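Me: I've got a model open and want to talk through how it's put together. Could you take my questions one at a time?

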Amino acid sequence: MFREEHGRAVAVLVRLFGDIDVAEEAVQDAFTKAVERWPATGLPPSPAGWIITTARNAAIDRLRREGSREDRHAQADLEHAADEPAEEGAVRDDQLRLIFTCCHPSLASAAQVALTLRLVGGLTTPEIARAFLVPEPTMAQRLARAKAKIRDARIPYRVPDASDLHVRLRAVLAVVYLVFNEGYAASSGDRLVREELCAEAIRLGRLLADLMPAEPEVLGLLALMLLVESRRSTRTAPDGGLVLLADQDRNRWDRRLIAEGQAIVRLCLRRNEPGPYQIQAAINAVHSDALDAAATDWRQIVALYDQLLAIAPSPVVALNRAVAVAEVEGPAAALALIDALGLDGYYLFHAIRADLLRRLGRDAEAARAYETALTRTNNMAERDLLRRRREALR
Amino acid sequence: MKLYLLTVVEPVGPRPSPEFLAKVMHDVEVFRTEIKAAGAWVFNGALHPPSTATVVRMNDGEAVMTDGPFAEGKEHVGGFMIIKAPDLDAALAWAKKMAKAIPLPIEVRPFRDEAAEVRVALER
């Protein structure tokens with residue numbers, strides 16, 4: 001509850017005070033007071049409203065203490081506004097403003113991610129530093145610089161116009177998906193922290209879906225994350241090793257997440273405004289439908305990859321499509337497709353190639369491809385799986 | 001309102017053809033007319049190449065001149081425009097139009113607000 005209310009309160013206070021540092025500090029104050037008082041007094045009727053009002057008063061007090069003349073003007077206005085209840089529609093607008101400001105294209109991607117987690121997500125600086133495996137002072141500096149740029153370059157606190165909305169929304173969705181993938185990447189960093197990142201990304205995804213229900217790609221991203229997350233517990237063996245989709249225990253997939261993700265995918269299909277996230281979600285929905293790997297509707301998956309390639313062509317998408325083609329037309333057809341892709345630096349390219357060669361009985365070439373793949377990744381779980389596959393050839 | 005410096009980032013290399021330059025001059029003129037009409041233009045200028053630059057620095061109380069730019073780079077400041085805009089998004093929208101006219105990267109950088117000259121420029 002703290003994190004959710006944190007983002008809402010910061011969003012409202014940034015609008016009122018026009019300054020992120022003032023807003024953050026005041027919200028921090030309000031939470032400290034809540035922790036002190038609530039155990040004795042019990043929860044107030046509206047905890048969220050209490051936090052916002054208390055934070056607003058804390059900020060006014062602070063400005064009064066440090067007050068310059070201009071601030072006193074602002075104070076008069078604010079004190080006037082201080083009694084207004086935080087109206088729900090206005091709070092939602094503020095949350096959207098905050099999200100778009102944190103993900104402004106003039107900020108570097110790493111700064112967008114850090115700011116979004118800090119201000120919208122309510123994570124602490126040490127938590128974000130741990131999640132991204134950077135020293136805490138580095139993360140603190142990254143956040144401070146980003147906030148200084150927002151202030152000094154006057155990045156507006158505003159939801160973009162209709163003409164910019166789609167481009168800007170893409171940046172927001174990319175930030176959320178990046179947080180999710182950072183959490184999903186196996187076996188680097190603290191596992192608990194990583195699981196929390198996925199949960200946080202999904203929470204941000206839900207918030208966006210709630211704030212922008214008319215945007216199909218917002219829904220697509222949420223569905224994609226839910227469907228991928230549903231397989232999390234089966235993706236790692238007890239010894240920490242990576243378990244591929246075909247070998248996962250499907251009885252342990254999270255049916256609740258799958259049902260939610262599939263319902264959103266169906267909604268997107270009815271709307272028929274496809275985009276990359278929606279199509280990736282649909283591909284994952286097809287996997288979720290198969291009770292065992294052999295029952296997978298690979299033709300449907302190839303068709304979805306064709307659609308994805310048409311609107312978002314990339315060699316990595318083509319590589320994934322080839323994996324599906326191997327299941328429909330056989331490994332030889334897939335091998336012919338991937339050899340032209342020019343993905344020599346990508347470990348999965350070599351891993352997939354090795355697998356296709358193995359299925360074609362070309363063991364010596366397969367072993368060499370596994371060797372090459374091993375030189376392209378440092379991830380322990382991935383390396384382990386590649387080594388096991390190579391050993392199995394002998 | 002806030003002042004922003006729009007800098008034209010010019011690569012070192014041979015001068016483009018006269019036809020190309022004529023088109024750029026024309027497009028820049030159209031852009032300048034538009035931004036002046038909108039009241040956002042403050043000042044602009046195009047610069048001679050870095051080879052025409054002289055650097056002055058104080059050395060033990062004495063001014064020492066050196067030929068050429070302060071740092072040799074692959075890129076240099078080819079020209080600039082100072083504009084006023086309500087926020088960064090508005091400044092970026094002008095920069096986008098400028099980059100379309102000049103076909104070179106445009107760096108957008110905010111002025112510090114404190115200087116008296118900046119306030120005067122904003123009030124004009």
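Me: How many bridges join strand β2 (residues 41-46) of chain B to β5(B)?

Reply: Strands here are DSSP runs of E with at least two residues, helices are runs of H or I with at least four, and both are numbered from the N terminus. Two strands pair if DSSP finds at least two bridges between them. B:Asn44 stands opposite B:Met81 in β5(B). The two strands run antiparallel, and the bridges joining them number five.

Me: What kind of model is this?

Reply: Residues are numbered from 1 along each chain as its sequence is written, while chains are lettered from A and ligands numbered from 1 in the order in which they are written. Local features need pLDDT of at least 70, side-chain atom pairs count only at pLDDT 80 or more, and totals for chains, interfaces and linings use all residues; the model is predicted.

Me: Which residue of β5(B) is the bridge partner of B:Val9?

Reply: Strand β1 (residues 2-11) of chain B runs antiparallel to β5 (residues 75-85), with ten bridges between them. B:Val8 bridges to B:Gly79. For B:Val9, the partner is B:Val77.

Me: Which are the edge strands of the open sheet in chain B?

Reply: The sheet has four strands in the order β2-β5-β1-β6 (chain B), with antiparallel pairing. The twist from one strand to the next averages 20°, using axes fitted as lines to C-alpha atoms and angles from 0 to 180 degrees between N-to-C directions. An edge strand pairs on one side only, and that's the case for β2 and β6 (106-110) of chain B.

Me: How many residues of β3(B) are buried?

Reply: Buried means 20 or more other C-beta atoms within 10 Å of a residue's own, with C-beta atoms placed from the backbone. Strand β3 (residues 54-59) has six residues and lies largely in the open, because the number buried is zero.

Me: Which residue in the turn between β3(B) and β4(B) has a positive phi?

Reply: β3(B) and β4 (residues 62-67) pair antiparallel over six bridges, and B:Met58 stands opposite B:Ala63. They form a hairpin with two residues between them, and a positive phi of about 50° belongs to B:Asp60.

Me: What share of the residues in chain B is buried?

Reply: Chain B has three helices and six strands, running β-α-β-β-β-β-α-β-α from the N terminus. Its C-alpha trace spans about 45 × 45 × 20 Å along the principal axes. Of its 124 residues, the buried share is 14%.

Me: How many residues does chain A bring to the contact with chain B?

Reply: Two residues are in contact if their C-beta atoms, placed from the backbone, lie within 7 Å. Chain B supplies five residues, and chain A supplies six.

Notes. A residue is buried if 20 or more other C-beta atoms lie within 10 Å of its own, exposed if 12 or fewer, and partly exposed in between; C-beta atoms are placed from the backbone.
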